[in-house]
Amino acid sequence: KKGGFAHYMLKEIFEQPQVFYNTIRGINDAPLPDCNRLRDPVTVVACGTSYHAGLIFKYLLEECCQIPARLDYASEFRYYPPPASGLVIGITQSGETADTLMALRLAKAHNCHTLAITNVLGSTVTRLADTTLYMRAGPEISVAATKSFIAQLAVLMQIVNRFRGNSQTETLLEAHKAIEDALLMDFSETVGLCENAQSIFYVGRGPFYPVSLEGALKMKEISYIHAEGYAAGEIKHGPFALLSEKTPVIAICMPGETYDVMISNIKEMKARGSPVIGIGRSGDTDLPEICDLFIPLNVATLFTQILTATVVLQLIAYHTAEKLGRDIDRPRNLAKSVTVE
Ligand code: F6R
């Protein structure tokens, strides 16, 4: 059943190039129903990993399309004033998460148009929302979400591309090759730095901040090592007090406007004793010098950087949990879909 893999999680991680490809193709064939509605106020609601996809979407909408977007944890949505009108997008792999369903019900009660992005045909959210877009991840067995996150990003990136008016499907499809390359990498040295950690900090800026949050969530839920995702600039506003040789830092440092300031953040964290694992573009000459370990990625576009860094962090969490002998597919205290508020 696991197709020769030790765990469903690893199998699902390896399915990602195909899942990404299928989802982009699927979205491309189905005309995006409510793209024009993105001109109305946009609110996104989701939980957990799906919330992290929402955070990346918010960044891309604002940065690439100049569309402001509000993002709420679905469980918090009702405690804030509801949007007066516009589009409310619920992102949910299972389509059954109680908090997300509740938020969408509330949005409908306030006359907002609702769009669901889900993986499960016929799930509750598809009956609730005005429109549904499907990610084509196939059934996800492992409790930790991996391929469904990549499929969510595929849907959301394709929406962004459509809205920008450039049909960059071909460029986007190239990302699936970069994801494949990431799957072939060896993470044993990284696991060596993480397995005995007291706590691990994941840091990035801009779109790599939500990628850091997702990396940390994967690590904590399957390895039970405490991990925090942080906007890199925030570490000095408190968490500096925790840094030591027992708190490795995983820093995503890609070329672009955040590069220089990330380099100085990494130096600050190293100076406080933390071993630093840098994830960046292959050919980078600064990162190998200042980091204890450097993970080079072949990445050309922003979308590819986001996708491949995500896959690398999934694999680091997986291999660390495996080294520690954890019950990877069924971590303690967790369920695949959370049907209580
Ligand atoms: C983490 C994880 C959870 C889910 C969250 C939302 O690996 O799986 O954080 O992402 O419970 O679930 P869905 O997307 O089904 O609404």
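## Ligand surroundings

A residue is taken to be near a molecule or strand if one of its heavy atoms lies within 4 Å of it. By that criterion 14 residues surround the ligand, and the closest are S50, T92, S94, T97 and E221. The model is a predicted one, in which local features need pLDDT of at least 70 and side-chain atom pairs count only at pLDDT 80 or more, while totals for chains, interfaces and linings use all residues. Residues are numbered from 1 along each chain as its sequence is written, and side-chain values use heavy atoms, with hydrogens and water left out.

Polar contacts are pairs of N or O atoms within 3.5 Å; within protein, one atom must be able to donate a hydrogen and the other to accept it, and residues adjacent in sequence count only if both atoms are side-chain atoms. A polar side-chain atom of T97 is placed 2.5 Å from an oxygen atom of the ligand, and an N or O atom in the side chain of T92 is 2.6 Å from a ligand oxygen atom. A145 contributes a backbone N or O atom, which lies 2.9 Å from an oxygen atom of the ligand. Of the 410 Å² of accessible area that the ligand has on its own, the protein covers 89%, with areas taken from the Shrake-Rupley method with a 1.4 Å probe and, for residues, only the protein chains shown counting as cover.

## T100 in helix 4

T100 belongs to helix 4, residues 98-109, where helices (H or I, at least four residues) and strands (E, at least two) are DSSP runs numbered from the N terminus. T100 counts as buried because its relative accessibility is 1%; buried means under 20% relative accessible area, exposed over 50%, and partly exposed in between, with a 1.4 Å probe and protein chains only. Leaving aside residues up to four places away in sequence, T100 touches V45, A46, C47, A74, G90, I91 and T92, a contact being heavy atoms within 4.5 Å.

## An aromatic pair

Three aromatic pairs are found in the structure. Y51 in helix 3 (residues 48-65) and Y73 in strand 2 (residues 69-73) are 22 residues apart, and the pair links distant parts of the chain. Y51 is buried at 10% relative accessibility, whereas Y73, at 41%, is partly exposed.

Notes: Rings of Phe, Tyr and Trp (its six-membered ring) pair if their centres lie within 6.5 Å; planes under 30 degrees apart count as stacked, over 60 as edge-to-face and the rest as tilted.
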